[in-house]
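The sequence and structure come first.

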Amino acid sequence: MSRLRAGRPLLAALFVLTLPLVTPVIRGADEIEYFSYLRSLAFDRDLDFGNEYQRFYEADPEGLAGFKGTFLDLREPETGRHINFAPLGSALLWSPFYLLAHLGTLAARALGAEVPANGFSAPYVAAVCYGSALYGFAGLLLIHDALRRWGSFPEPAASWSVAALWLGTPVLYYTTLAPAFSHACSLFSVALLLWLGLRANERGVRLADATAIGGAGGLAALVREQDVLFLAVPAALVAWEALRRHQVLAGLARLATMAAAAVVVFVPQLFAYRALNGSWGPSQMVARKMTWWSPHFLEVLFDPAHGLFAWSPLLLVASAGLLTAVAGRRALVPALLGLALLLQVWVNGALESWTQAGAFGSRRFVAATPVFAWGLAGLLGGTVARRRTAPALVALVAFVWWNASLMVQFGLRLMDRQRLDWPQVAVRQVTEVPPRIGRVAWLFFTDRERLVREAR
């Protein structure tokens, strides 16, 4: 047990160090959609988001002009309600923190403070953002635990893998600078789903385990619908074990239980769909943007301007590690994780918005961090065994620097936010970012709004 906990102090220290980076602000359309679910249900007891959208727009009419054109000016054709493309899972996960913020605000007002208890003020936004940071950290701890328990990866390979993916990919951005997106909650829910699946596979899947796994799969779908595809991993493990033991009927019962639990947990979203757009599924404004044969499958990974590996080259290394693991003796789990990753590539390649232009990095793959961690830990485990840790650490630091420098470029608008503009983006990493680090850090911790204005 002590070995399992060996890497946790490192991860806990990183969490404490990254907490000052958490920015309790809601600015973008996606963030407003997620937050509006929570505020509307808690204060208005409905799913009409007009007042929430208007409040955010009035606070930043210039920055949210595009938001107004879709979310304030348009309506769902069947119901006449304001559009909300986001699922409600993040709001549900944030709700305990939001409630605590409300109680704290009421207590502060009783003592004479003038902070509004309206669901919009700073304590409520901070509760959501720091809640996301905590969920992201909890997800990373689950990944580390899974690597040690069921991957049998040695330390420090397991903790280095998690730390590198945390700091060297968009995980850092979406758990600190933009925590009101769904991606920190998504990382947590998928990590929980896979952790439960691997634990049950080790000890033998019982009906209670199948129920818990299915519930976690439903939660993952509530946070981001496409994350339900990760349920393929524990489902395949159950099916494989049932076939291996010639217990087909028992396996089918467990799979049916898993599916039923996932559906039950997802039911609130079905009713939200019905209330918002009049159907039992997502808005047709989203569905019609899907091409199911995934014409952008390869571009999602390799496109130089928008591809996953162009934004985060560390993930190419991790993918290579996963392929190596699939060729090894214990290939089943890495093969299934690889399948889950391919499913994510497929669904992202099916979207018209596959480029994710305007976002920092390939944010839709933050949920796949447990998959990449398995591959990266395998490669790092080999370097630890051969006692070649120094070159590995240097390489990991370089990947972290690449990601952190891109965050600076993105924040200061030194780069085109719609694409990676090669080779200029690489040149700026070493010519323009370093001279600005001091001022960026100073303004970030003393006057973040000024930093945002200067970046505009």
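Q: How many nonpolar, polar and charged residues are in the lining of the second largest cavity?
A: This is a predicted model, in which local features need pLDDT of at least 70 and side-chain atom pairs count only at pLDDT 80 or more, while totals for chains, interfaces and linings use all residues. Residues are numbered from 1 along each chain as its sequence is written, and side-chain values use heavy atoms, with hydrogens and water left out. Ala, Val, Leu, Ile, Met, Phe, Trp, Tyr, Cys and Pro count as nonpolar, Asp, Glu, Lys and Arg as charged, and the others, Gly among them, as polar. On that basis the lining of the second largest cavity has seven nonpolar, three polar and no charged residues.

Q: Which residues line the second largest cavity, and what is its volume?
A: On a 1 Å grid over the protein atoms alone, a cavity is a set of points where a 1.4 Å probe fits but cannot get out, and lining residues have an atom within 4 Å of a point. The lining consists of Thr169, Pro170, Val171, Leu308, Leu315, Ser362, Phe365, Val366, Thr369 and Phe372. Grid points are joined across faces, edges and corners, and a volume is the space filled by probe spheres set on the points. For the second largest cavity that space is about 60 Å³.

Q: Is Thr369 buried or exposed?
A: Thr369 belongs to helix H18; helices (H or I, at least four residues) and strands (E, at least two) are DSSP runs, numbered from the N terminus. Contact means heavy atoms within 4.5 Å, and beyond its neighbours within four places in sequence Thr369 is in contact with Leu140, Ile143, Leu165, Val171 and Leu187. Buried means under 20% relative accessible area, exposed over 50%, and partly exposed in between (1.4 Å probe, protein chains only). The relative accessible area of Thr369 is 5%, so Thr369 is buried.

Q: Which helix gives the most to the lining of the largest cavity?
A: The largest cavity has a volume of about 100 Å³, and its lining divides into 11 nonpolar, no polar and no charged residues. Helix H6 (122–149), H9 and H18 each supply at least two residues of this lining. With four residues, the most comes from H6.

Q: Which element supplies the largest share of the lining of the second largest pocket?
A: A pocket is an open set of grid points with protein on both sides within 12 Å along at least five of seven lines. The second largest pocket has a volume of about 690 Å³, and among its 28 lining residues Trp150, Gly151, Arg330, Pro334 and Trp374 lie nearest its centre. Helix H9 (183–203), helix H11 (232–244), helix H16 (313–326), helix H17 (332–349) and helix H18 (369–385) each give two or more residues to the lining. The largest share, six residues, is that of H18.

Q: Within what arc do the buried residues of H16 fall?
A: In H16, the buried residues are Leu314, Leu315, Ala318, Ser319, Gly321 and Leu322. The arc is that of the directions from the helix axis to the C-beta atoms. Seen down the axis, the buried residues of H16 line one face of the helix, because they fall within an arc of 155°.

Q: Which exposed residues does the face of H3 turned away from its buried side carry?
A: The buried residues of helix H3 (residues 50–59) are Gly50, Glu52, Tyr53, Phe56 and Tyr57. Seen down the axis of H3 they fall within an arc of 165°, so they line one face. Their cover includes helix H2 (29–44) and helix H4 (65–72). The face turned away carries Glu58 and Ala59.

Q: What is omega for the peptide bond from Glu155 to Pro156?
A: Pro156 is in the loop between H6 and H7. The bond from Glu155 to Pro156 is cis, with omega near 10°.

Q: What is phi of Gln356, which is not a glycine?
A: Gln356 is in the loop between H17 and H18, and at 8% relative accessibility it counts as buried. Its phi is positive, at about 55°.
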